[in-house]
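Here is a short briefing on one protein model. Keep the sequence and the coordinates open while reading.

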Amino acid sequence: TWHLKKIPQIVRERTFSLDSPKFEAKPKLELNSVCGIECQRKLPVPSLSDLKNLLSYETVFENGTRTLTEVNVLEVVLDPAANTTTRRPSRKKRQIYGTDSRFSIYDKRFMTNFPFNTAVKVSTGCSGILVSPKHVLTAAHCLHNGKDYVKGSKRLRVGLMKTKSRGNGRKRKGTSDSLPSFQWTRVKSTHIPKGWFKGVSGDIALDYDYAVLELKRPHKRKYMELGISPTIKMMPGSMIHFSGFDNDRSGQLVYRFCSISDESNDLFYQYCDAEPGSTGSGIYLRLKEPNKKKWKRKIIAVYSGHQWVDINGEQQDYNVAVRITPLKYAQICFWIHGNGGNCTQG
């Protein structure tokens, strides 16, 4: 079952106007994290003042203006216990680990229905997921490299899937005759936590690689709810699922599921097969609701991409996801609703 947790509350304190960004950064598809799994586990628990700084956020608006909002964090429990698991044998390959286990979704009955229709394309080349009638969750590095906003993020757009005929009357064997095309919607504003910026974290902090985009116009599709990320031990079958638009399968929606190999307080390390383009996808769990035959799905992490991490002095590679902790749940929920009152139960 979904474990409800009391959520800390994010409260807006002050908002300042900042200079407009330059929008000159080059998007980076592969990030090198200085702090690997062992390092993550040894990090000190942030103090309340640290959290207030890390969870303050920048908002960029469609016209290029920018603000900084300072926040206070209420009812937070600082837990000194890190999440640790028994590490499975490491593998040293790249984004596709052994046999490619991804599934391309061709049938429009699946593509245009929940949960697959919650996947969206972001115009900077990433993926994202619908989390409200007007909001998309994605990875921060799709928009900002830690120092400046990436080229193309000034006129940011989100592509919602629709289907188009393949034409010529020819059918791919065993599939329907559709491929996704996109209905593009302008982005009204973008929220990124200060924890992502190099000036705050000292270096790129993968822990804060998430962002929320507010669409200019609401959509009428079913969206995916947020959930608090459980530990691996509490995860049903230890299985995670996500769909995105991998670059090597142009024009296709690609779905995959896999188990998680390791975790820190803020990150999941896993070997889900994924290529650039799927970065920013919402990672979700499936649970059967008590006394119901339907599956319940909730987003519990954001796919950050392929990372080299330092483990015992050696560089190893994983595909990494940012966990939705109670604090991140509170912040994302605050961005969606504009206040923390609707976010008190996870």
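The model is predicted. The protein has five helices and 18 strands. Of its 346 residues, 54% are buried. Take contacts between residues at least 6 apart in sequence: 73% of them join residues at least 24 apart.

- Strand S8 covers residues 135-138, and its four residues are all buried.
- His-135 and Leu-137 point one way from S8, while Val-136 and Thr-138 point the other way.
- Strand S7, residues 126-130, runs antiparallel to S8, and two bridges join them.
- S7 and S8 make a hairpin, with four residues between the strands.
- Leu-130 has Val-136 of S8 as its bridge partner.
- S8 also pairs with strand S11, residues 211-215, in the antiparallel sense. Four bridges link S8 and S11.
- Val-136 faces Leu-213 on the S11 side, as the residue standing opposite.

**Nonpolar cores**

- The largest nonpolar core holds 66 residues.
- Leu-55, Leu-137 and Leu-226 have the most contacts inside this core.
- Helix H5, residues 326-337, gives the most to the core: eight residues.
- Which residues does Leu-226 contact, leaving aside neighbours within four places in sequence? They are Val-131, Leu-137, Lys-298, Ile-299, Ile-324, Tyr-329, Ile-332, Cys-333 and Ile-336.
- Another core, of 14 residues, lies apart from the largest one. Phe-242, Cys-272, Leu-285 and Tyr-303 are among its members.

**Helix H2**

- Helix H2 spans residues 48-55, and Leu-51, Leu-54 and Leu-55 are buried in it.
- The buried residues of H2 fall within an arc of 85° when seen down the axis, so they line one face of the helix.
- An α-helix has 3.6 residues a turn, so residues three or four places apart point the same way.

**The disulfide**

- How many disulfides does the count come to? The count is one.
- Cys-126 and Cys-142 form the disulfide, with an S to S distance of 2.1 Å.
- The link is left-handed, with -95° about the S-S bond of Cys-126 and Cys-142.
- Cys-126 lies in S7, and Cys-142 lies in the loop between S8 and strand S9 (157-165), so the pair ties together parts 16 residues apart in sequence.
- A disulfide is a covalent bond between the sulfur atoms of two cysteines.
- Is Cys-126 buried or exposed? Cys-126 counts as buried because its relative accessibility is 4%, against a cut-off of under 20%.
- Cys-142 is buried too, with a relative accessible area of 2%.

**Arg-323**

- Arg-323 sits in strand S18, residues 314-323.
- Arg-323 is buried, at 4% relative accessible area.
- The side chain of Arg-323 makes a polar contact of 3.0 Å with the side chain of Ser-229.
- A polar contact of 3.4 Å joins the side chains of Arg-323 and Glu-263.
- Val-302 is 21 residues from Arg-323 along the chain, and their C-alpha atoms are separated by 6.7 Å.

Key:
Residues numbered from 1 in each chain as written. Predicted model: local features only at pLDDT ≥ 70, side-chain atom pairs only at ≥ 80, totals over all residues. Heavy atoms only, no water. Buried < 20%, exposed > 50% of the residue type's maximum accessible area, 1.4 Å probe, protein only. Pairing = 2+ DSSP bridges. Core = buried A, V, L, I, M, F, W, Y, C linked by side-chain atoms within 4.5 Å. Contact = heavy atoms within 4.5 Å. Arc of directions from axis to C-beta. Disulfide = S-S within 2.5 Å. Polar contact = N/O pair within 3.5 Å; in protein donor to acceptor, adjacent residues only side chain to side chain.
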